[in-house]
Amino acid sequence: MGRQVRFYMTPEDEVEFLSFVRTTGDVRIIAQTSEAPNGNRFSTFQELQGRRLGSDCELWNASISPHPEIKHVPSRGIYCLDFLQSEVINVSPSFLVDRRLTQGRLHVETTVLTAERKVAQKGTKFLKWYEQLSRWIRRHYTGRHDGDCVSARAEALVKRGVDLGGFR
């Protein structure tokens, strides 16, 4: 079972959000797909825009969670981070593209399939961390668009003619 918070944030909002995120532990941004065995790491979500292997990424807090599972896909020559089996928060960043701000989201799977093929909860500290990040977004992005959280800067863009687009 998963949870998510959808949002619209500008690049400036992202800087503020990531500044907060980094106060919560040893947090790393890892690409969901990579040509490197341990995943490509990034400093910002914006660095992922236009990337050949996609812009989805994971937030991993090495202070509270074990190293994520990364699986090799030999037929494609890539590595994929298994967010279903790892304690990571899946991020689809919000990007400004051609007068349109795309919808972003934080998504977490709360359960994992054990080696015994049983469903178990992911770690309590990890789930509390996700709630801390999603609460920050809901508290700071008080505007709403179809139930999604919209930052004040994103609302200002809308007033200047930028559209809020759906999920990429």
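**Figure 1. His-107 is a buried residue of the predicted model, with a relative accessibility of 10%.** This value lies under the 20% limit, so His-107 is classed as buried. The residue belongs to strand β10, which spans residues 100-109. Its side chain forms a polar contact of 3.2 Å with the side chain of Glu-109. Beyond residues up to four places away in sequence, His-107 is in contact with Gly-2, Arg-3 and Gln-4, as well as with Phe-83, Ile-89 and Asn-90.

**Figure 2. Three strands form an open antiparallel sheet in the order β3-β7-β6.**

**Figure 3. Strand β3 pairs with strand β7 in the antiparallel sense.** Two bridges link β3 to β7, the latter comprising residues 78-81. Within this pairing, Ser-34 is placed opposite Tyr-79 of β7.

**Figure 4. Arg-139 is an exposed residue of helix α2.** The helix covers residues 124-140. The relative accessibility of Arg-139 is 52%, which is over the 50% limit, and the residue therefore counts as exposed. Between Arg-139 and Ser-151 there is a separation of 12 residues in sequence, while their C-alpha atoms lie 9.9 Å apart in space.

Key: Residues are numbered from 1 along each chain as its sequence is written. This is a predicted model: local features need pLDDT of at least 70, side-chain atom pairs count only at pLDDT 80 or more; totals for chains, interfaces and linings use all residues. Side-chain values use heavy atoms; hydrogens and water are left out. Two strands pair if DSSP finds at least two bridges between them. Helices (H or I, at least four residues) and strands (E, at least two) are DSSP runs, numbered from the N terminus. Buried means under 20% relative accessible area, exposed over 50%, partly exposed in between (1.4 Å probe, protein chains only). A polar contact is a pair of N or O atoms within 3.5 Å; within protein, one must be able to donate a hydrogen and the other to accept it, and residues adjacent in sequence count only if both atoms are side-chain atoms. Contact means heavy atoms within 4.5 Å.
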